[in-house]
Amino acid sequence: TEDFQVVDADSCLPKPLTESSLEERGVGEWGEEWVYRYLKEKYEDQGAIVTWLNKDSEQFHPFDITVDYDDGFLEFIEVKTSTSLTKSLMEISEREIQEAVTGKEAYTVVCVFGAGTANAKMMRLPFVSKQWQSSHKVFTGVELL
């Protein structure tokens with residue numbers, strides 16, 4: 001398994017953020033929508049069920065999206081989003097850390113950079129708890145608060 005994956009998901013980009021849509025939707029929602037669209041496009045034809053928990057309103061879970069694969073594996077995905085393309089750290093809450101530790105390989109963090117632009121980039125950090133706990137530490141760009 002790779003430590004992280006830069007994802008090519010340009011075909012799933014939501015509409016660009018404007019000043020008015022930024023106030024209405026927010027940066028985080030834009031990132032979640034993009035990740036959700038990407039996961040649906042990638043996995044639904046393989047029998048997986050992709051659910052965006054915050055689609056209608058914020059649900060305050062320590063993850064934003066779930067992917068229920070046809071083999072019974074359930075992945076929990078936390079999306080971290082920034083309008084910056086050069087941001088080197090993303091903040092993660094104590095509750096999200098607890099979920100990552102208890103969820104082990106089922107908890108993935110996806111970082112979105114350049115949100116709201118056509119230049120947005122997505123970086124997927126699968127099994128993030130395993131990476132934090134291993135003796136071979138990698139720079140994930142996620143800051144533990």
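**Close-up views of a predicted single-chain model**

The chain has four helices and eight strands, where helices (H or I, at least four residues) and strands (E, at least two) are DSSP runs numbered from the N terminus. This is a predicted model, in which local features need pLDDT of at least 70, side-chain atom pairs count only at pLDDT 80 or more, and totals for chains, interfaces and linings use all residues. Residues are numbered from 1 along each chain as its sequence is written, and side-chain values use heavy atoms, with hydrogens and water left out.

**View 1. The whole chain.** From the N terminus on, the order of elements is β-α-α-β-β-β-β-α-β-β-α-β. Of the 145 residues in the chain, 46% are buried; buried means under 20% relative accessible area, exposed over 50%, and partly exposed in between (1.4 Å probe, protein chains only). The accessible surface comes to about 8,000 Å², and 51% of this surface belongs to carbon and sulfur atoms. Accessible areas come from the Shrake-Rupley method with a 1.4 Å probe, and for residues only the protein chains shown count as cover. Among contacts between residues at least 6 apart in sequence, 55% join residues at least 24 apart; a contact means heavy atoms within 4.5 Å.

**View 2. Asparagine 54 in the loop between S2 and S3.** Asparagine 54 is placed in the loop that runs between strand S2 (49–52) and strand S3 (65–68). With a relative accessible area of 6%, asparagine 54 is buried. Its side chain makes a polar contact of 3.2 Å with the side chain of glutamate 32 and another of 3.0 Å with that of aspartate 64. A polar contact is a pair of N or O atoms within 3.5 Å; within protein, one must be able to donate a hydrogen and the other to accept it, and residues adjacent in sequence count only if both atoms are side-chain atoms. Leaving aside residues up to four places away in sequence, asparagine 54 touches Glu32, Gln59, Phe60 and Asp64.

**View 3. The S2 and S3 pair.** S2 and S3 are joined by four bridges in the antiparallel sense; two strands pair if DSSP finds at least two bridges between them. Isoleucine 49 stands opposite aspartate 68 in S3. Val50 and Trp52 form the covered face of S2, while Ile49 and Thr51 form the uncovered one.

**View 4. Aromatic pairs.** The structure holds five aromatic pairs. Rings of Phe, Tyr and Trp (its six-membered ring) pair if their centres lie within 6.5 Å; planes under 30 degrees apart count as stacked, over 60 as edge-to-face and the rest as tilted. Tyrosine 36 and tryptophan 52 form a tilted pair, at 5.5 Å centre to centre and 35 degrees between the planes. This pair links distant parts of the chain, with tyrosine 36 in helix H2 (residues 27–43) and tryptophan 52 in strand S2, 16 residues apart. Both tyrosine 36 and tryptophan 52 are buried. The ring centres of phenylalanine 63 and phenylalanine 76 are 4.7 Å apart with planes at 55 degrees, so this pair is tilted. Here phenylalanine 63, in the loop between S2 and S3, is linked to phenylalanine 76 in strand S4 (residues 74–81), 13 residues apart. Phenylalanine 63 counts as buried at 11% relative accessibility, and phenylalanine 76 is buried with a relative accessible area of 18%. Tyr43, Tyr69 and Phe73 form one aromatic cluster.

View 5. Tyrosine 38 lies in helix H2 and is buried, with a relative accessible area of 12%. Its C-alpha atom is separated by 10.0 Å from that of methionine 122, 84 residues apart along the chain. In strand S7 (residues 121–125), four of the five residues are buried, and the strand is mostly covered. Strand S6 (residues 107–113) runs antiparallel to S7, with five bridges joining the two. Valine 110 stands opposite arginine 124 in S7.

**View 6. The nonpolar cores.** In soluble globular proteins, nonpolar side chains tend to be buried together. A nonpolar core is a set of buried Ala, Val, Leu, Ile, Met, Phe, Trp, Tyr and Cys residues joined through side-chain atoms within 4.5 Å. The largest core has 22 residues, and those with the most contacts inside it are Val35, Leu39, Ile65, Ile77 and Val112. H2, S2, S3, S4 and S6 each give two or more residues to this core, and H2 provides the largest share, eight residues. Isoleucine 77 touches Val35, Leu39, Phe63, Asp64, Ile65, Val67, Thr108, Val110 and Arg124, not counting residues up to four places away in sequence. A second, separate core has 14 residues, among them Phe76, Ile97, Ala100 and Phe113.
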